[in-house]
Amino acid sequence: MTQIMLFPLRSVVLPEGKMRLRIFEPRYKRMVTECLKNESGFGVCLISASAGAIPSNVSKVGTFVSIVDFESLDDGMLGVTVSGIRKFQIHHVEADQDGLRKAEVSWIESWPRPI
């Protein structure tokens, strides 16, 4: 299993898809900084009222993304564009003191490419 940082949202991105994010909370600014520093990505998962056995109201699956672009926005927020890499399944979630969630995940096979 692999540990990744999570960014729960009310929308999803799939592998090979792109999404623009507006980052303003300190915990997620820290996440972006760590990802850029370590040349790694993070997990985007759906906030779910019926998350089952997974704590913290996040869905059981998500998409691992990489940061492809970032900018400082006029309103002081950080604009980040991410690209979906691969799907994952969450097995365990815990939170840092600032509330940034980290999860133990396993990778899910992607769908086959069209012929």
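Reply: Let us begin with the polar contact, which is a pair of N or O atoms within 3.5 Å; within protein, one must be able to donate a hydrogen and the other to accept it, and residues adjacent in sequence count only if both atoms are side-chain atoms. The model is a predicted one, in which local features need pLDDT of at least 70 and side-chain atom pairs count only at pLDDT 80 or more, while totals for chains, interfaces and linings use all residues. Residues are numbered from 1 along each chain as its sequence is written, and side-chain values use heavy atoms, with hydrogens and water left out.

Me: Which backbone oxygen does the side chain of T63 reach?
Reply: The side chain of T63 comes to 2.6 Å from the backbone oxygen of V13.

Me: Where is T63 found, and is T63 buried or exposed?
Reply: Helices (H or I, at least four residues) and strands (E, at least two) are DSSP runs, numbered from the N terminus. T63 belongs to strand β4, residues 58-72. For accessibility, buried means under 20% relative accessible area, exposed over 50%, and partly exposed in between, with a 1.4 Å probe and protein chains only. T63 is buried, because its relative accessible area is 4%.

Me: Which residues does T63 touch?
Reply: Contact means heavy atoms within 4.5 Å. Setting aside residues up to four places away in sequence, T63 touches V13, L14, P15, F42, G43, V44, G84, I85, R86, K87 and F88.

Me: How many aromatic pairs does a search of the whole structure find?
Reply: Rings of Phe, Tyr and Trp (its six-membered ring) pair if their centres lie within 6.5 Å; planes under 30 degrees apart count as stacked, over 60 as edge-to-face and the rest as tilted. The search of the whole structure finds 4 aromatic pairs. In one of them, the ring centres of F7 and F42 are 6.1 Å apart and the planes stand at 75°, so the pair is edge-to-face. This pair links distant parts of the chain, with F7 in strand β1 and F42 in strand β3, 35 residues apart. F7 counts as buried at 6% relative accessibility, and F42 counts as buried at 0%. F64 and W107 also form an edge-to-face pair, at 5.5 Å centre to centre with 80° between the planes. That pair too links distant parts of the chain: F64 is in strand β4 and W107 in strand β6 (residues 101-108), 43 residues apart. F64 is buried, with a relative accessible area of 17%, whereas W107 counts as partly exposed at 28%.

Me: Which residues form one aromatic cluster?
Reply: The cluster is formed by F7, Y28 and F42.

Me: What volume has the largest pocket, and which residues lie nearest its centre?
Reply: On a 1 Å grid over the protein atoms alone, a cavity is a set of points where a 1.4 Å probe fits but cannot get out, and a pocket is an open set with protein on both sides within 12 Å along at least five of seven lines; lining residues have an atom within 4 Å of a point. Grid points are joined across faces, edges and corners, and a volume is the space filled by probe spheres set on the points. Here the largest pocket has a volume of about 210 Å³. Its lining consists of 13 residues, and F7, P8, L9, E25 and Y28 lie nearest its centre. At least two lining residues come from each of β1 (2-9), β2 (18-23) and α1 (26-38).

Me: Where does E16 lie, and is E16 buried or exposed?
Reply: E16 lies in the loop between β1 and β2 and is exposed, with a relative accessible area of 58%. Phi of E16 is near 75°, a positive value in a residue other than glycine.
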